[in-house]
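Trainee: Could you walk me through this structure, starting wherever you like?

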Amino acid sequence: MKLTRRALAPALVGLTLKGAPRIEGGFALENVEQGHLLRDRAPLMRPRESERVPVVIVGGGMAGLSAAWWMERQGFRDFRLLEMENEAGGNARGGENEVSAYPWAAHYVPVPDTEAGLVRELFTELGLLRDGVWDERWLCHAPKERLFIHGRWEEGVEPHAALTGEERRQMERFATRMEEYRETGRFTVPMERGVAKSTAAEQALDRITMGEWMRREGLTSAPVRWLADYSTRDDYGTRVDDISAWAGIHYFAARQSEEKGPLTWPEGNAWVTRRLATKLRTYVRNNSMVFRVERAGVRWRVFTQSRVYEADCVVWAAPTWLASWVVDPPPPRWVMDTAPWLVSNLTLERWPRERGYPPCWDNVIYRSPSLGYVVATHQNVARHQERTVWTHYWALADGRGADQRRLLLGGDWHYWSEKVLADLERAHPDIRQCVSRIDIFRIAHAMPRPLPGVMFDERRQARLRPRDGFAYANCDLSALSLFEEAQYRGVEAAKYALGFAGRGR
Amino acid sequence: MVYVLFLSVFLIAACGLIYELISGALASYLLGDSVLQFSTIIGAYLFAMGIGSYLSRFITRALISRFISIELAVGLIGGFSSTILFMAFTYAGGFRFLLYGMVLVIGILVGLEIPLLMRILRERFELRELVANVLTLDYLGALGASLLFPLLLVPKLGLVRSALLFGLINAAVALWSTFIFREHIGNLMSQRLASFAVVGLLIAGMVYASDITDTADAALYSDDVIFARSTPYQRLVVTRWKDDYRLYLNGHLQFSSRDEYRYHESLVHPGLASLPGAKRALVLGGGDGLAVRELVKYPGLESVTLVDLDPEMTKQFSTHPLLKSLNAGALTEPRVRIVNDDAFPWLERSDEIFDFVVVDFPDPNNYSLGKLYTSAFYRLLRQHMSASGLVAVQSTSPMFARQSYWCIVETMKAGGFQVYPYHTYVPSFGEWGFVLGAQREWTPPETLPGGLRFLNQATMRSLFEFPPDLGPVPVEVNRLNDQVLVRYYDKEWREITR
């Protein structure tokens, strides 16, 4: 600890500073250097071994695992999944300490409606859906969410305490408008179904920002703008004044749940990815960073440090923009901004004091720059919980992703842990007395940002068409970082690969 | 200057009366029988004031300095009087002795005040005027205090902080006296320092008063508190009034020893007496051992497992002579195994199967407790029961919380049980509800164990009849992702207690 005047003066007269106990912690899962090896095209060793395999999946996040899941389900076994980290999962990884398991990023899946066939198939297989009934154990327990506003916690995330008549009317009109958009059936999950049916009206929404749309609708009061901005930061890492109105509306108008959800687990969506990775373990190769993919005749050569794979077909489930650095001949540059995120897991020795509605799964602080925190132990059925883990989410959504990334990577652990504590202190004045550990994951490229023009962009659509045995599968092709999109893209690419490899045999 | 002096008279008169009222109120709260308490406290207090007035004749020198010392002493002792009495009541013995000792000391000190002050003011006023003014203000102060006390102080500040506040007023009178009479005080600096010190102590007392009242919650209970302890899980308080012992958890009544047999006989026997082959029983909650006491009346039972969250609770009800006598030492029987764990996760980890289960949790007044009344919980419970097994669930009152009661019934149904709702009248609780859950058709037992005080064949049949005002109402199922029960319960009990 650095000695400051504040600490020194009492020490001189033999007193200890009555302050917070020391908080431990550090950065977790950092792999910036390895990623930048690719960017800088560092000379990497030529692998000595080679393996012939019909299909290679690059990337073991939700998209890659879904591609593998689909192929295995169809009885196809001649493929490998190459994951650069030591564990598959991507944005759906999780950690664990002696108090609880906790998520490192994605932490819930909305209860799929009857349209979302693939998600239902997967969740039936994982035992979450039995005879049309969802397993209560993993539906988000009550109480679900609360908002810290006007000095106390209120039930629900939408502000409704102390609104003026006009503010209330705008909140209601916003909800009505979203309901109308839902009824058009053109905002869907997966989004491609709705996009295919879109008319000029929807395409026009993609040319303006959500903020502009709200101004045109006369939705200008602070509470409704806050709600929209919170939601677009929360799901898409983008401010309401930057995001495509189409994407902003999609957040509110795309889903119609049949059950009070979402589905959530202490370790977040790692609950799903770990089960998939275990089931598919014979195909998964961890610690296998793909640093080059080259065309060789009618095949593809996929290089990792230890082995080169000769494949008929490549499913590219890593971020799409990364392909320009790795694939030869290089595809056209993929220009899509990505949002950096800061995810902090705080270990609490006791619950802080607070006022109002009791602790929920999702706890949001009105007008905070962060997204609030999720209680990782919320799905624990114990009546008494002395200690807990909170996952604090912060999308660095102001301005361009690159600038925010510099800020994200520039701050050391002390800087960011202090920021997180100061944020929580607004609602929990004694938080520093409760926290014993803060582990932080700085996700430089956490998700694509759906800025205006992306949804109906010809170049995006062009990427969706697989060619010569090369198929993109990442959810950034949807410009929406959603579990369902990743799964859909993965399965679509797998279908193509199956057709292609089948032809080859 | 003159006004300040008369203000002092007014204030110390008010303070004197406040201490008397606080002692009386505290004694009524803690010991009951308010007529007796107030009479004896007022009598003792006035008598002590008489002693003080008499003793004032022996103070001959340095009147002002003595007066300041007395003010500080009154401020300190009076100010902390209710704190000390609360703590003594909860944590130490000899409460009455301390109470009357305190009343005597404060009374004597207060009795010294007015005579001394009159002698101090003697040189400044004519006797006729002085007596009239001082006594007028004395009685006015008393009036002010007696109005302030019930209307503002007790409801807003509580007894502990009210006493501290008036102690602070006494100390303030002492403090400004060191300025008004500075030419007449020999040891001015030390008097002033002492005044500041007392003011500081009392302010510190005010700041920490909430902690003091948190621990000394005896005032909540109108009966004698014979046992009080805070554990990491809850606050246990046992009270006694004559031969009636009552257990409170976090201020909620759990049983009264006068009628708990009605509750526990109803909870256990309709189910267990119908299972002559039952070997293994499980009790969830119920760390007081009263349900276990009923269970061990069945010689056929080979094991009874009691799962209660709080080790302090099961320890006290296994060892404390009085508490142990309430459950007839049931928790120390060799057949009984005590597990201190959280019931829901314990069941998730356990692979044991039971023939009879008693679920005796506190009422679902918050989301943590509400989890223990969900369809997910009952489904899990069913996996731990033999095919012929039964479960009896305490299910709050079908009278006061009718929706809550029928919600538990519906939820058990959703959890896969065939349900048999029943209810019993327990005077200290009112009409109380239970649900028997079975996995096949159930018929009431032909025989009951001997020695029961409430249940026989006739009463048992009547328990399963619901009069129209207790009958079923349409309700939703309580689920982990939608705890309707906590909302029903909160709404219904708020209507009752409003």
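**Where the two chains meet**

Mentor: Chain B and chain A bury about 1,800 Å² between them, with 53% of that coming from carbon and sulfur atoms; buried area is the accessible area (1.4 Å probe) that two parts lose on being put together, summed over both. Keep in mind that this is a predicted model, where local features need pLDDT of at least 70 and side-chain atom pairs count only at pLDDT 80 or more, while totals for chains, interfaces and linings use all residues. Residues are numbered from 1 along each chain as its sequence is written, chains are lettered from A and ligands numbered from 1 in the order in which they are written, and side-chain values use heavy atoms, with hydrogens and water left out.

Trainee: How many salt bridges are found across the interface?

Mentor: The rule finds four between chain B and chain A, counting a side-chain nitrogen of Lys or Arg within 4 Å of a carboxyl oxygen of Asp or Glu. Arg479(B) forms a salt bridge with Glu136(A), and their closest N and O atoms are 4.0 Å apart.

Trainee: Switching topic, in what order do the strands of the open sheet in chain A come?

Mentor: The five strands follow the order 13-4-3-17-24, and their pairing is parallel; strands here are DSSP runs (E, at least two residues) and helices are too (H or I, at least four), numbered from the N terminus, and two strands pair if DSSP finds at least two bridges between them.

Trainee: Why is one side of strand 13 and of strand 24 left without a neighbour?

Mentor: Strand 13 (284-285) and strand 24 (470-472) of chain A are at the edges with a single partner strand each, so one side of each has no neighbour in the sheet.

Trainee: How many bridges join strand 3 to strand 17?

Mentor: Four bridges join strand 3 (residues 55-58) of chain A to strand 17 (residues 313-316) of chain A, and Ile57(A) has Val315(A) as its bridge partner in strand 17 of chain A.
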